[in-house]
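Grab a pencil and have a look at the chain below.

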Amino acid sequence: MKITRQKHAKKHLGFFRNNFGVREPYQILLDGTFCQAALRGRIQLRDQLPRYLMGETQLCTTRCVLKELETLGKELYGAKLIAQKCQVRNCPHFKSAVSGSECLLSMVDDGNPHHYFVATQDQNLSVKVKKNPGIPLMFIIQNTIVLDKPSPRTVAFVKAVEAGQLVSVHEKQSIKELKEEQGLVRNPELRKRRKKKKVGGPNPLSCLKKKKKAQDTKSPASEKKRKRKRIRIRNKSTPKVSAQQGAEG
């Protein structure tokens, strides 16, 4: 039974990897219901999830999920401890927290760009997740972790992409990266940096003018020295002339 379960997981992972760019480390978003089910089934998530998915995993949650578990009281205290050991991902609900299910849905909006897995026991949340293509869904049944097969919406989306009717988010990202490498798309940040460098540079003409002024200040001092030397020569020559005149007399 365990071998067949891993075979199905490997097949489903290959589907999400090839069509949506899902890769290791697998980021798994947990809600309170999944943590509570793992606690009841005595499932060691940090040990069993990497074995089941046959790869590196990261257990994640959000502030809204932690806040929800705190408000529910002592009954979910153990689930809260499990969630607190997970990595907390930033959600857009900084000012006012929302329910855990609503928060997890917001984390996988716009094509699930961060390739999150959603792990939940909430049936309503699972139905909403399946309506968005490309989101791996996980749950616990009979004290075992299960990766759900791709939803019909996800399969239909992949078929439309293969038929050329749609372009997946993964393909859009790869096309954008190829264009940037070939220089077909200019990065606006590079333009801003270049403009800042041109404006901030020193003016070479101003530097040349300062050097000329320094040379001009030295010239009058040298002229004064020359004039003083000429005056001294004239004073020494006057007594010789008077002595010659007395000899002639």
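**Exercise 1.** What covers the buried residues of helix 6?

Before we start: this is a predicted model, where local features need pLDDT of at least 70, side-chain atom pairs count only at pLDDT 80 or more, and totals for chains, interfaces and linings use all residues. Residues are numbered from 1 along each chain as its sequence is written, and side-chain values use heavy atoms, with hydrogens and water left out.

*Solution.* Step 1: find helix 6, residues 100–107 (helices are DSSP runs of H or I with at least four residues, strands are E runs with at least two, both numbered from the N terminus). Step 2: pick out its buried residues, which are Gly-100, Cys-103, Leu-104, Leu-105 and Met-107 (buried is under 20% relative accessible area, exposed over 50%, partly exposed in between, with a 1.4 Å probe and protein chains only). Step 3: list the cover, which includes strands 1, 2, 3 and 4 plus helices 4 and 7.

**Exercise 2.** Which strands pair with strand 2 in the parallel sense?

*Solution.* Step 1: strand 1 (residues 26–30) runs parallel to strand 2, joined by four bridges (pairing takes at least two DSSP bridges). Here Gln-27 sits opposite Gln-58. Step 2: strand 3 (residues 87–89) also pairs with strand 2 in the parallel sense, over three bridges, and Cys-60 faces Gln-87 there.

**Exercise 3.** Is Thr-62 buried or exposed?

*Solution.* Step 2: read its relative accessible area, 0%, so Thr-62 is buried. Step 3: check its contacts (heavy atoms within 4.5 Å): leaving out residues up to four places away in sequence, they include Leu-29, Val-88 and Cys-103.
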